[in-house]
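Visitor: I'm new to this one. Can you walk me through it?
Guide: Here it is; ask as you go.

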Amino acid sequence: MGQNAPRINALVDLLNTYQQPRLEELRQKYPGQHDLLNPGIALGETHSKALHQVYVEVALEGLRTAKSRVEPNIRRLLQRLQSAKRLRLVGQVVAAVTSVGVIGAILGKWDSTVAVTTAVVNFGAVLCALVAGHLETPLHGGKGSLIDSFETLASTTAEAEEVIQELVLLGRGGADESRVMEQVRRANAIAGKLRIAERMLWGVPQS
Amino acid sequence: MRVNKRLVVSLGTLVLFACGTNVNAQIGLIDDLAKISKAAKVSKLSRAGRLAASVTDGAGRMLGRVPASEATRKAFRITLAVAAGDSFAALPAAAGRLRVYLGLESAGLKFIADKNPGIWDLSRMPETRTLDDYVNALRASGQQVDGIDYIVEADVVNHPSFRFNTTDTISVANYAGTPWPLRRVGAQKYAAEVTPSLWVNVSERAIEDLKHVLDLAFDRRDMRVATLLDPDADVESLDALRKATAGTSYENIESAAKAVSFVASRRGRIVTLVGHVEDQQFVAHGLLKEKFRVSIPALLEAADANDVSLILLGCDTAGMLSVAGVSGRVNSVAVASQLKAALNTTSYGEFLSALGTPDLPFVVSEDVMGQARLVVAARMRREAAADRAGVLSASVSPKLAQSQVQNAQQLVRSVPGWLDETLRFAIGVITLSFVGALISSVFKRSLSPLKTTSLVIGLILALPFRLLVGRRRGSNTAHAPGE
């Protein structure tokens, strides 16, 4: 590997979160590669030819995990967007009705209890809009919106499948190492993007 | 006339306090200068006092806190034989190994072997009378010599005459106790192993600075931590480091220019940078391409120009010249855990030790500890009170120690914190009152609001004085009959 070895930190992090037993198996299979197979990055250059197979295996496992994460994430995303839409609609309807009630209570000199109750309900309706807004925005700060994360999730399956196919094919034919490593880089980027999308949906994992 | 006087006083006071913020800042500056000056003096005295207290025992032997070198031996009038004897007492003898103490005297390298207390000048001796000859002679006389345990003074380590074999061990002479084993860091540097996780670059100055710094109280408020990582590519590392630095000033830097300005703007602080290091540069890699890189020499230059103590946490940063950092390959999440432990320590000795591990020791350079200098014998002799137990040291306090002394208020502050805060608050209130009075005066087209404000504030300011005078008068009156 003439140039710096590719990073696989996002893939390892994904495995560490969802496939710990598999990651442990890899650690046992490659006992000298704890630097690579532990979460985090080496804070220096990595030059080694002996690690080729580790990279490929981590990339394949990581991509499979990434694919398996797409469905629950999309479900969560849809759930949040649907809840937000429903809440917003209910809130707006209730707010419209109760605002008329409040005006009526003031002008028609209704009983104060009725006026206060109407005002409280109106306040609740406004809160609904705020909660809906919260559901529509990412839980964890970062660039992009939930719609971006939807695009990321939608493309993850296709991209991951493509890279898996490439890696399997390259593995069969004894291909040029730089091409393999290029695919490992792509795999890590896919895992990285998925990780960002997940944080937008679920927030920062509390470990 | 009386009204005019009041008017002049009111306007004068108004002008003075209208610049309240500026005055406030000036007071802060003066306070800071006083603090620095006083802290430096106290630091010197405290350090000199500790030297004096620990430098001699009943028998007049040097005990601790002074690095072993030709200069210190001369300053404290200690002979090479005495220094060697102290070190031999601290380093246990091993079977089959010869202990040899090496020191410089009159620019010549001299040695003392524990089995023969004579001093041999290697540079002046005939070629046949070398240390090798001595060892050979010992072997010929039937004594078993498997190797030599050298104890060398700090100024000997880089001496061109000093050579050793692979079977030999080297320790750096240290009057404080057991000599520190010598380790190699990178291709060009040697370090003394203070603890398994804390090494110090070998130089007389670095060792002296370290000894002073180790005991100082550590306060995480002195610390500024920054990471040079990509927020999309290094999510797990940033999470770990963010958690590790909770309660400490922390930020992630996302451009080279910001990195340099971050270091340059933290005057008098300890700045810890964490990042991926390649070819003496911090490099931030994105998911698919490199985001930015910043040169470590540029960061060091910015730190040096602004009195910043820079600690670099990245792979093999200790191998670079003038850098305090880690020796070996480190992982970002492991660094976060070490940093967390370090930030929860109470002394600089513990802090620096916690930054390293026995596998990946943290190596301290003299630059991180400041430009402290040990005053050499010639200067010490000029001091009127030059005496073994006297106040001999007049060296500049290390940068790290100085900032620590200032910021953690470890020593003496010229103005206590509560008084400082109260004064600042009072000045702010007075300024606001006068501004309000001025506005009111303009609208009313009358000076009465200003006059009233001056009068009220004058009375309030004079109150403590009046109380004091009243109390004294009262006490004088009380004592009068007894006298």
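Guide: A term to start with: a salt bridge is a side-chain nitrogen of Lys or Arg within 4 Å of a carboxyl oxygen of Asp or Glu. This is a predicted model, where local features need pLDDT of at least 70 and side-chain atom pairs count only at pLDDT 80 or more, while totals for chains, interfaces and linings use all residues. Residues are numbered from 1 along each chain as its sequence is written, chains are lettered from A and ligands numbered from 1 in the order written, and side-chain values use heavy atoms, without hydrogens and water.

Visitor: How many salt bridges over all chains?
Guide: The search of the whole structure finds 23. One of them joins Arg195(A) and Asp13(A), with the closest N and O atoms 2.9 Å apart.

Visitor: Where do those two lie?
Guide: Arg195(A) is in helix H7 (residues 177-202) of chain A and Asp13(A) in helix H1 (residues 9-18) of chain A, so the pair ties together parts 182 residues apart in sequence. Helices (H or I, at least four residues) and strands (E, at least two) are DSSP runs, numbered from the N terminus.

Visitor: Is Arg195(A) buried or exposed?
Guide: Arg195(A) is buried, and so is Asp13(A). Buried means under 20% relative accessible area, exposed over 50%, and partly exposed in between (1.4 Å probe, protein chains only).

Visitor: What does Arg293(B) pair with?
Guide: Its side chain meets that of Glu278(B) in a salt bridge, at 3.7 Å from N to O. Arg293(B) is in strand E14 of chain B and Glu278(B) in strand E12 of chain B, 15 residues apart. Arg293(B) counts as partly exposed at 33% relative accessibility, whereas Glu278(B) counts as buried at 6%.

Visitor: New topic. What is the phi of Asp279(B)?
Guide: Near 45°, a positive value in a residue other than glycine. Most residues other than glycine have a negative phi. Asp279(B) sits in the loop between strand E12 (277-278) and strand E13 (281-285) of chain B, and is exposed, with a relative accessible area of 56%.

Visitor: And Gln280(B), where is that found?
Guide: In the loop between E12 and E13 of chain B.

Visitor: Last one: how many residues are in the largest nonpolar core?
Guide: There are 58, and those touching the most other members include Leu98(B) and Phe351(B). Helix H10 (residues 332-343) of chain B gives the largest share, five residues. A nonpolar core is a set of buried Ala, Val, Leu, Ile, Met, Phe, Trp, Tyr and Cys residues joined through side-chain atoms within 4.5 Å.
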